[in-house]
Amino acid sequence: MKQTHTYGQKARQFFLVLLPIFVTQLSLTATGFFNTIMAGHISEQDLAGVAVGVNLFLPFFGMFLGIISGLTPTVSQLYGAGKKETIGFVVRQGFYWALLLGGIFLLIGYAAVPYILPYLSLEPKVDYITRHYLMAVSFGILPIFLAGVLRNFIDAHGYTRLTMCITMCTVPVNILCNYIFMYGLFGVPAFGGIGAGIGSAIAFSLNLLLNALVVMFIHPFRDYHIFRTLPRPSLAEWRKQLGIGVPIGSTIFCEQSIFGAVGLFMTAYGTTVVAAHQAAMNFTTVVYMIPLSASMTLTILVGYEIGARRQQDAAQYIRLGRWLTFLFEGSIALILTQFRYEIADFYTTSIEVQPVLANFLLVAVFLQLADSLDAPLQGALRGYKDVHATFVLAVISYWVIGLPAGWSLAHFTDLGPAGYWLGLITGVGIGAILLMLRLRRVQRRYRLEMQ
């Protein structure tokens, strides 16, 4: 990354950072996309089993990876300030607490899942697939958490193309492994939906290996000699980094758990609705990669400019990112809704699931528009390291407003399961307004500090 002086230069640097992130996120989403499609073409039970497993797994997985992503604004600000000697120490300490987080994640999973699933009243086959899917994917947790440290280290320098290349190598392997283990090829038994967990665990391990090779052999990362020595654990540094990462992870948990909770509430409407909801949410997640990528880009660029004490440049990046995100997301979402029936046909061959899915997709476009307003603001605030208020606002918008509104609409109107979607849209929209007010306050504070 380098200093820019005009909007044209900023737009160019914005896209140079954003496009690899977008390809990376889209590639990661492609795994879940193909998992859903492959499971849907095996049976409704396999699709529902993977759906319940993902809804239980993803919120906590996203939260813990979100904690690790707190390294991005820290390293980005250190890089902008020219404090490269501190970066290596911060990253090495990240290995320790990432391993600790991985161990905690596994303990929670193995302890809690056997007690949660009986309360969902799943069909026996769906219950079996869910349990074993989660067991299989757990073998990749420690590798992907360590890879997360390295990935944030690389991204914070603006070299997002490298992590894009890594992801583009691992995702095809993931999809191929999923296909082999789900359908049974080369003498491997057909595990159905459980095979998606096996393939993910293999891909997570490969991701760690490739990130480590980049850090060891490619400039400028090899100059840090990250693996040459490991310092003694520094609890003071852990507290500092977790003080940034935990609010970020908690915010991500609020976002992803609300979708997971809605997915679990959908089990009350039967396997057909669960399958349709999961497919619609999977499609929405693919489109969400645009605002998510913009959010991650703004965290890097805003952190870099704030580290260099260029408040005006940071504000210009935020303005540019918000407008571009809304225009791109809005255009794509509106176009894709015209093909919702074709998309439903692509996801499943079930004539019961297809019409329900098409209706969910129509409502989902408004969620996508709300996300295009909300996500860039979150990324901008993380660039300022303003993460505690973001967490509080996420709790308010998703859990205080979104879920109660969705539950009320689902139970006291004729909307049924679609009411949950409308509640989510309301929560995300109000959250965007609250984040905008918070950002203005933070920007005023920084202007006063720099005068």
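Modeller: Here is a quick tour of a predicted model.

Colleague: How does the lining of the largest pocket divide between nonpolar, polar and charged?

Modeller: It has 20 nonpolar residues, 5 polar and 1 charged.

Colleague: And the second largest pocket, what volume does it have?

Modeller: About 410 Å³. R322, L377, M436, L439 and R440 are the closest to its centre, out of 19 lining residues. The elements giving two or more residues there are α11, α13 and α15. That lining divides into 10 nonpolar, 5 polar and 4 charged.

Colleague: Switching to E237. Is E237 buried or exposed?

Modeller: Buried. Its relative accessible area is 8%, so E237 falls under the 20% cut-off. E237 sits in helix α9.

Colleague: What is E237 in contact with, leaving aside neighbours within four places in sequence?

Modeller: F89, V90 and Q93.

Colleague: Now cores. Which residues touch the most other members of the largest nonpolar core?

Modeller: F145 and W421, out of 94 residues. Helix α2 gives the most to this core, with 13 residues.

Colleague: What does W421 contact beyond four places in sequence?

Modeller: Its contacts include M266, H277, F360 and L367. There is also a second, separate core of 13 residues, with V302, A314, V442 and Y446 among them.

Terms used. Residues are numbered from 1 along each chain as its sequence is written. This is a predicted model: local features need pLDDT of at least 70, side-chain atom pairs count only at pLDDT 80 or more; totals for chains, interfaces and linings use all residues. Side-chain values use heavy atoms; hydrogens and water are left out. Helices (H or I, at least four residues) and strands (E, at least two) are DSSP runs, numbered from the N terminus. Buried means under 20% relative accessible area, exposed over 50%, partly exposed in between (1.4 Å probe, protein chains only). Contact means heavy atoms within 4.5 Å. A nonpolar core is a set of buried Ala, Val, Leu, Ile, Met, Phe, Trp, Tyr and Cys residues joined through side-chain atoms within 4.5 Å. Ala, Val, Leu, Ile, Met, Phe, Trp, Tyr, Cys and Pro count as nonpolar, Asp, Glu, Lys and Arg as charged, and the others, Gly among them, as polar. On a 1 Å grid over the protein atoms alone, a cavity is a set of points where a 1.4 Å probe fits but cannot get out, and a pocket is an open set with protein on both sides within 12 Å along at least five of seven lines; lining residues have an atom within 4 Å of a point. Grid points are joined across faces, edges and corners, and a volume is the space filled by probe spheres set on the points.
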